Amino acid sequence: MFNKRVKIKELLTWEPKDQQVTVMGWVRTFRNNQFIALNDGSTNNNLQVVVELGKFDDELLKRITTSASLKVSGHVIPSLGKGQKLEVRGETIEILGDSDAEKYPLQPKKHSLEFLREIAHLRFRTNTFGSVFRIRHSLAFAIHKFYNEKGFVYMHTPIVTASDAEGAGEMFRVTTLPLDNPPRNEDGSVNFKEDFFGRSSNLTVSGQLEGELGATAFGEIYTFGPTFRAENSNTARHLAEFWMIEPEMAFCDLEDNMNLAEEFIKYIIKYAMEHNREDLEFLAQRLADEEKQLPQDKRSEMGLIEKLEFVVNNSFERITYTEAIDILLQSPAYKKKKFQYDVKWGIDMQSEHERYLVEKHFKKPVIVTNYPKDIKAFYMRQNDDGKTVAAMDILAPGIGEIVGGSQREERLDKLEQRMAEMHIPAEELWWYLDTRRFGTVPHAGFGLGFERIVQFVTGMGNIRDVIAFPRTPKNCEF
Ligand code: ATP
Ligand code: MN
């Protein structure tokens, strides 16, 4: 058998007692023709392999270059050097794959995140991205664990759909029609009846509507899958392809919905804190070093781990939209005309407003509820005031919106009336309306942007650095 190796993360926890082991990995550095720092991706910590002097010929030693891959066998012994308690005496060394160190884009020095984005195929081999993607994995696992423990059914909603959940546009069309000469109707418009699905179709922007169909049968479901938005917003928080978790619960109102969202977010953060301590400590240090470059007033008040502990141990602030607007209107920032966008009841709060609320005013995550109906989707439950809907957004320090959710309108007449007002074609959503015709129930749900929570937990400033191969306007490499 080729692969009978010990992972370095595990090996580093051992007591050195002359155990015979085989390890495999990539060379990070090779010093003095004697000390190999070997990394296998299981941890940022390298294993020191000591090459016995005189045992290997020069030809082989020359091939031990940064990023070459090795299979090493030898004994685990206490290390004399500082910084590690054990090392492996390299008794046999096999080069699995050579690497021309001169041409290797990742030099053993600090590279900028922007540069690393251009070599995203290799950036997993850096400590920063090693930590980020191991944490991303843990969070994904914790999400399934959380809902599984609660008895939610994991539902795979379709990637290709004909419906636009939000009625907001911004969709990627899916078609097999020839672009240069599509079949046309008499009026010149494209004839989608000739298209693959016999109608116009697109990549999903949200699994919610189908999720509601599941919830009104299983009681509680969640989705966790990719979503696509052709929004031309080149921000540090938007991707054209991102992953979303969307739980949907029958027999659930807005308050239950908020409680679940808060419990959920705390649970997965806690999971990462328990299972990714080393990686979090690495990223916390990285962030602290980065912030040293900033002027005092731009630095965060808390370190990364402190911030996560704070979020896990304190309840989220809950305010209504109307209260949020009042706070903004009373704020020194507003009075000193520091906001770029105007503040008044009815606005869709801009990122500067959300950040003021969470970072300056409350200094903790905030759940804002009961938004004006005119800035929210048709399916949100109408409140008795006739002006607002039972929506809730969760805003997080440093990120802004991480969750968008609501109690859904379960009353058929109200829903149909709202759809008509908003010009949403009821005949296309006949299947959605059926849930309100046959045993409708109060129900609610939300969407958590996966990359945004990964950003929050890892402290990474740009969303492009928490997904393996980011898709953004004019960028689809790898
Ligand atoms: P935003 O105002 O930040 O654009 P949104 O109101 O469009 O968000 P929703 O439609 O409510 O967001 O989607 C639910 C969640 O999905 C958001 O709370 C956010 O965490 C995430 N999300 C939305 N758009 C994106 C995107 N383009 N890239 C990454 N995550 C996103
Ligand atoms: Mn958006």
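How far is a nitrogen atom of ligand 1 from an N or O atom in the side chain of glutamate 231? The distance is 2.5 Å, which falls under the term polar contact, a pair of N or O atoms within 3.5 Å. This is a predicted model, in which local features need pLDDT of at least 70 and side-chain atom pairs count only at pLDDT 80 or more, while totals for chains, interfaces and linings use all residues. Residues are numbered from 1 along each chain as its sequence is written, chains are lettered from A and ligands numbered from 1 in the order in which they are written, and side-chain values use heavy atoms, with hydrogens and water left out.

**Contacts of ligand 1**
- A polar backbone atom of leucine 239 lies 2.9 Å from a nitrogen atom of ligand 1, and a polar backbone atom of isoleucine 402 lies 2.8 Å from an oxygen atom of the ligand.
- Taken alone, ligand 1 exposes 580 Å², of which the protein buries 82% (accessible areas by the Shrake-Rupley method with a 1.4 Å probe).

**The shell around ligand 1**
- There are 15 residues around ligand 1 (a heavy atom within 4 Å), and those that come nearest are Glu231, His238, Glu401, Ile402 and Arg452.
- Strand E15 (400-407) is one of the strands that supply at least two residues of this shell, and E15 gives the most, with four residues (strands are DSSP runs of E, at least two residues, and helices are runs of H or I, at least four).

**A helix pair**
- The axes of helix H4 (residues 127-150) and helix H14 (residues 450-458) come within 10 Å and cross at roughly 125 degrees, with axes being lines fitted to C-alpha atoms over the stretch in contact and angles running from 0 to 180 degrees between N-to-C directions.
- H4 and H14 are therefore oblique to each other (angles under 35 degrees count as roughly parallel, over 145 as roughly antiparallel, 65 to 115 as roughly perpendicular and the rest as oblique).

Key: A polar contact is a pair of N or O atoms within 3.5 Å; within protein, one must be able to donate a hydrogen and the other to accept it, and residues adjacent in sequence count only if both atoms are side-chain atoms.
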